Amino acid sequence: MQVKLTMGERLKDLRTAQKLTLEQLAAEVGISKSALGKYESDNGKDISPYSILLLADYYGVSCDYLMGRTETKNHPNTALHELHLSDASIDVLKAGKFNHRLLSELICHKDFQRFMLDAEIYVDRIADMRVNDMNAVLEAVRQMALMKNGGEENDLHLRTLEVAQIREDKYFGSLIADDLKGILRDIRSEHRPDTMTADEVSFAENMQNQLREAMNFEGSSEEKQIRAFMATIGLDYDTLTKEEFVSIISGLKKSKYLKSPISQRGKTTMTHGKGKRKKR
């Protein structure tokens with residue numbers, strides 16, 4: 001989510017968002033199809049100031065946005081007082097010590113306004129009086145029923161009246177947390193294809209799988225050992241050429257940690273080639 005788009009990526013995104021082909025855009029703006037394609041593919045390295053201005057005007061965005069100088073498409077000169085931010089919040093935003101794009105996505109989410117309303121209700125204690133009144137009525141009824149029941153509290157009706165009373169802090173804390181989790185879950189799902197998002201299979205899982213494959217290999221103990229060692233450094237034994245294999249073995253002879261399958265004369269008991277894996 002922190003990846004900054006290049007000029008070429010911004011141009012392509014703007015075009016595809018309007019469902020335009022390069023031919024259609026060329027006819028609209030008077031720039032050749034080949035030039036437009038080049039702008040998108042080589043990140044606008046050879047784009048002229050005139051073309052930047054023309055395309056920015058056509059898409060309704062600022063030139064600074066196209067050139068990657070800002071993430072703001074349509075409001076490059078918005079006055080600070082229009083944002084209704086305090087001096088302290090402006091200082092935080094200017095410091096840039098967090099993911100601004102994520103903050104923007106939070107604010108723009110369809111459920112953000114509900115999250116803010118629930119937070120306001122909790123912080124300003126707007127619902128406190130009504131919650132307290134409701135709890136007071138339930139407790140009064142419970143006490144009356146308790147007196148009629150001879151003080152015996154282990155009763156389904158009495159227990160229902162007790163648990164029906166809302167613990168305001170716990171209830172609204174859970175409500176706000178659920179609001180925020182829902183928003184973040186949606187944003188996370190949208191960013192699943194991103195290159196900076198964590199892989200579905202972790203590095204540790206890949207390592208475990210490679211080691212398991214190495215130990216299930218039907219071959220000599222020496223070959224299992226060398227396969228396992230290569231797996232720990234991210235090398236797939238089966239993809240190595242004979243020349244690469246010989247070079248690696250030559251280097252491993254110098255290891256003082258690996259119980260080498262290489263004899264003192266420099267000859268290995270292993271031969272390079274694909275073998276069989278144990279049936280599982």
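In which loop does His-84 lie? His-84 is located in the loop between α5 (63-66) and α6 (87-95), where helices (H or I, at least four residues) and strands (E, at least two) are DSSP runs numbered from the N terminus. The structure is a predicted model, in which local features need pLDDT of at least 70 and side-chain atom pairs count only at pLDDT 80 or more, whereas totals for chains, interfaces and linings use all residues. Residues are numbered from 1 along each chain as its sequence is written, and side-chain values use heavy atoms, with hydrogens and water left out.

Although His-84 is not a glycine, its phi is positive, at about 60 degrees. His-84 counts as exposed because its relative accessibility is 71%; by definition, buried means under 20% relative accessible area, exposed over 50%, and partly exposed in between (1.4 Å probe, protein chains only). Arg-125, which is not a glycine either, has a positive phi of about 55 degrees. Arg-125 is placed in the loop between α8 and α9 (128-148) and is exposed, with a relative accessible area of 56%.

A search of the whole structure finds one cavity of 30 Å³ or more, and the largest cavity has a volume of about 40 Å³. On a 1 Å grid over the protein atoms alone, a cavity is a set of points where a 1.4 Å probe fits but cannot get out, and a pocket is an open set with protein on both sides within 12 Å along at least five of seven lines; lining residues have an atom within 4 Å of a point. Grid points are joined across faces, edges and corners, and a volume is the space filled by probe spheres set on the points. The largest cavity is lined by Leu-11, Leu-25, Leu-36, Tyr-39, Glu-40, Leu-55 and Tyr-59. Of these lining residues, six are nonpolar, none is polar and one is charged, where Ala, Val, Leu, Ile, Met, Phe, Trp, Tyr, Cys and Pro count as nonpolar, Asp, Glu, Lys and Arg as charged, and the others, Gly among them, as polar. At least two lining residues come from each of α3 (33-41) and α4 (49-59), and α3 gives the most, with three residues.

Leu-11, one of the residues that line the largest cavity, belongs to helix α1 and counts as buried, at 4% relative accessibility. Not counting residues up to four places away in sequence, Leu-11 touches Tyr-39, Glu-40, Ile-47, Leu-55, Tyr-59 and Leu-66, contact meaning heavy atoms within 4.5 Å. Leu-11 and Tyr-39 are 28 residues apart along the chain, and their C-alpha atoms are separated by 7.8 Å.

The largest pocket contains about 1400 Å³ of space. Its lining comprises 29 residues, of which Glu-71, Thr-72, Lys-73, His-100 and Ser-104 lie nearest the centre. Helices α1 (7-17), α5 and α7 (100-108) each supply at least two residues of this lining, with α7 giving the most, at eight residues. The lining of the largest pocket divides into 14 nonpolar, seven polar and eight charged residues.

Aromatic contacts were then considered. A pair of aromatic rings is described by the distance of the centres and the angle of the planes. Rings of Phe, Tyr and Trp (its six-membered ring) pair if their centres lie within 6.5 Å; planes under 30 degrees apart count as stacked, over 60 as edge-to-face and the rest as tilted. The structure holds three aromatic pairs. Among them is the tilted pair of Phe-112 and Phe-115, with 6.0 Å centre to centre and 45 degrees between the planes. These two residues are separated by about one helical turn because they are three residues apart in helix α8 (residues 112-123). Phe-115 counts as buried, at 14% relative accessibility. Tyr-171 and Phe-172 form an edge-to-face pair, because their ring centres are 5.1 Å apart and their planes are at 80 degrees. Within this pair, Tyr-171 counts as partly exposed at 43% relative accessibility, whereas Phe-172 is buried, with a relative accessible area of 7%.

Asp-179 is situated in helix α11 (residues 168-190) and counts as buried, at 6% relative accessibility. Apart from residues up to four places away in sequence, Asp-179 touches Arg-114, Phe-115 and Asp-118.
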